[in-house]
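Walk through this model from its overall fold down to a single side chain. Keep the structure open as you read.

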Amino acid sequence: MKRTIFSALASLSLFVLPVAADPMEVTPLSIVTNDGVHEFSVEIADDMEEIAFGLMERDSMDDDKGMLFDFNQPREPSMYMKNTLISLDMFFIAEDGYVEMIARNTVPGSLRTISPGIPVRAVLELNAGLAAELGIQPGDTVQHPLFGNVSADAPAE
């Protein structure tokens, strides 16, 4: 009986371990404002599972970290805070890196839909309050290879 249980658990681990061994890509990202350039290190959520899960179940995030959701083409996203434990600022970004809209201080756990009302290429999530603290406004520019405004092999400036 013990051998059967051990074998079953060993077999199950073959299916579970590869998922855990595939972390999201992390890249540098900059936001250019009237007050200067602000640097972050962001996880890239670019497949359906990563986009759907996002920052759920995390109880904290460093202020220089974030998550960039890449939709691969412009679309009108419907974001929400289900199972998200920390408040966030959400930046809705056009194909060229232009910040179209910012949803500030989102409510953890809320099922309320958050959308810019227009198609965007990506959404950047940072800790709540950073947009205000750093003076980030709609019209500012997010620099990242995704938007074609910085090379993939050079750090964002």
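Which pattern does the protein follow, read along the sequence? The pattern is α-β-β-α-β-β-β-β-α-β. That comes to three helices and seven strands. This is a predicted model, so confidence comes first.

The average pLDDT of the protein is 87, and 82% of the residues score at least 70. Residues 2–21 are another matter: pLDDT stays under 50 there. For that stretch the model has one contact beyond four places in sequence. Where pLDDT is low, the predicted coordinates should not be read in detail.

Look at one pair in detail: strand 1 and strand 2 run antiparallel and share eight bridges. In this pairing, Pro28 stands opposite Ser41 in strand 2.

What about contacts across the sequence? Take the contacts in the protein with a separation of 6 or more: residues 24 or more positions apart account for 69% of them.

Next, the interior. Of the 157 residues in the protein, 39% are buried. In soluble globular proteins, nonpolar side chains tend to be buried together. The largest nonpolar core here has 20 residues. Leu29, Ile31, Phe40, Leu68, Phe91 and Leu124 have the most contacts inside this core. Several elements each supply at least two of its residues: strand 1, strand 2 (36–45), strand 4 (88–93), strand 5 (99–103), strand 6 (120–127) and helix 3 (130–134). A second, separate core has 17 residues, including Met24, Met67, Phe69 and Met90.

Leu124 shows how such a position is surrounded. Beyond its neighbours within four places in sequence, Leu124 is in contact with Leu29, Ile31, Val42, Met67, Leu68, Asp89, Met90, Phe91 and Ile93.

Finish at Thr27, which lies in strand 1 (residues 26–33). Is Thr27 buried or exposed? Its relative accessible area is 12%, under the 20% cut-off, so Thr27 counts as buried. Which residues does Thr27 touch, not counting those up to four places away in sequence? They are Phe40, Ser41, Val42, Ile44 and His144. Consider Val42 among these: Thr27 and Val42 are 15 residues apart in sequence, but 5.5 Å apart in space, C-alpha to C-alpha. With His144 there is also a polar link. A polar contact of 2.7 Å joins the side chains of Thr27 and His144.

Terms used
Residues numbered from 1 in each chain as written. Predicted model: local features only at pLDDT ≥ 70, side-chain atom pairs only at ≥ 80, totals over all residues. Heavy atoms only, no water. Helix = DSSP H or I, 4+ residues; strand = E, 2+ residues; numbered from the N terminus. Buried < 20%, exposed > 50% of the residue type's maximum accessible area, 1.4 Å probe, protein only. Polar contact = N/O pair within 3.5 Å; in protein donor to acceptor, adjacent residues only side chain to side chain. Contact = heavy atoms within 4.5 Å. pLDDT = per-residue confidence, 0-100. Core = buried A, V, L, I, M, F, W, Y, C linked by side-chain atoms within 4.5 Å. Pairing = 2+ DSSP bridges.
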